[in-house]
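Biologist: Could we go through this model together? I would like to begin with its overall layout and then turn to the ligand.

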Amino acid sequence: MAAAYTLYGSFLSAPTYKVGLMLALSGLTFDYRHIDLAKGQHKSPDFLRINRYGQVPAVIHDGFTLCQANTILEYIAEQTGKFAAADTAERQRIREWLVWETDRLEPGINRSRFFERFAKPDQAVVDYHRKWAEMGLEVLNTLLDGKRFLVGERPTIADISVFGVVAHMAEAKFDIAAWPQIKVWWDRVAALPGFRLPYDLLPKGDQDAV
Ligand SMILES: N[C@@H](CCC(=O)N[C@@H](CS)C(=O)NCC(=O)O)C(=O)O
């Protein structure tokens, strides 16, 4: 029997990992469809019917097609009640984190990782993005001081979203030891039931019932 959720993505993609992690931590199995970015599958007419932006991840649930990782996290939280906001104030705090993450954290870390793993541009471009990543990590480290999770005492989709990016910081050649509050929080997230790191979670090809 097909799983309720089908995740389209790439094991190399941080936003795909966010969604996979959300499903895994929510105790949901999912069917996985690998989209080969190197082969340009994300720009194929078939995939553009699933994600009009030509990006991974995408999810199909109940015949409903979803894209943009952070909004997919919101959708799954609404469906299950897990990692969701308890009230309006919490919903607002969570959304602030989701927007900050795509605005200030993800671009610097993901581009620095891309430059390390796939293609290095001019050093000035590398330095520019590394500086943004470090500024984001510094803010995160400061705001985590004295907190168990990003919003309150229990994990929410804010943690899952931000973790999806931070999980790749070592590949971007940022040493977590420089940001001790992030390390403490990382260990807390990693202790959640169902947790798996990116390459343990996302298959390298199509797979049912992940
Ligand atoms: N804002 C998007 C970003 C997705 C994204 O950047 N995906 C990358 C892979 S990590 C991608 O598909 N890149 C190909 C492209 O943008 O053409 C989300 O959160 O889902």
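Modeller: The discussion below takes the domains, the ligand surroundings, the backbone and the salt bridges in turn. This is a predicted model, in which local features need pLDDT of at least 70 and side-chain atom pairs count only at pLDDT 80 or more, while totals for chains, interfaces and linings use all residues. Residues are numbered from 1 along each chain as its sequence is written, and side-chain values use heavy atoms, with hydrogens and water left out.

Biologist: Which domains does the assignment give for the protein chain?

Modeller: The assignment gives domain 1 (5–82 + 195–201) and domain 2 (88–190); the bounds come from an automatic or database domain assignment. The C-alpha centres of domain 1 and domain 2 are 20 Å apart. Their contact (heavy atoms within 4.5 Å) takes 16 residues from domain 1 and 20 residues from domain 2.

Biologist: What area is buried between domain 1 and domain 2?

Modeller: About 1,500 Å², with carbon and sulfur atoms giving 69% of that area. Buried area is the accessible area (1.4 Å probe) that two parts lose on being put together, summed over both.

Biologist: And how many residue pairs are in polar contact between domain 1 and domain 2?

Modeller: There are 10 such residue pairs, both residues being at pLDDT 80 or more. A polar contact is a pair of N or O atoms within 3.5 Å; within protein, one must be able to donate a hydrogen and the other to accept it, and residues adjacent in sequence count only if both atoms are side-chain atoms.

Biologist: Which elements give two or more residues to the domain 1 side?

Modeller: They are α1 (14–25), α3 (69–80) and α8 (198–201), where helices are DSSP runs (H or I, at least four residues) and strands are DSSP runs (E, at least two), numbered from the N terminus. Helix α1 gives the largest share, 7 residues.

Biologist: Changing topic, which residues are around the ligand?

Modeller: Among them are Ser13, His42, Lys43, Val56, Pro57, Gln68 and Ala69, each having a heavy atom within 4 Å of the ligand. The side chain of Lys43 has an N or O atom 2.6 Å from a ligand oxygen atom. A polar side-chain atom of Gln68 is 2.6 Å from a ligand nitrogen atom, and a backbone N or O atom of Ala69 is 3.0 Å from a ligand oxygen atom.

Biologist: Is the peptide bond from Val56 to Pro57 cis or trans?

Modeller: That bond is cis, with omega near 10°. Pro57 lies in the loop between α2 (45–48) and β3 (58–61).

Biologist: Finally, how many salt bridges are there between domain 1 and domain 2?

Modeller: There are 2, a salt bridge being a side-chain nitrogen of Lys or Arg within 4 Å of a carboxyl oxygen of Asp or Glu. By this rule the overall count comes to 14 salt bridges. Arg95 pairs with Glu74, the closest N and O atoms being 3.3 Å apart.

Biologist: What about Glu101 and Lys18?

Modeller: They form a salt bridge, with the closest N and O atoms 2.8 Å apart. Glu101 lies in helix α4 (residues 88–117) and Lys18 in helix α1, so the pair ties together parts that are 83 residues apart in sequence.
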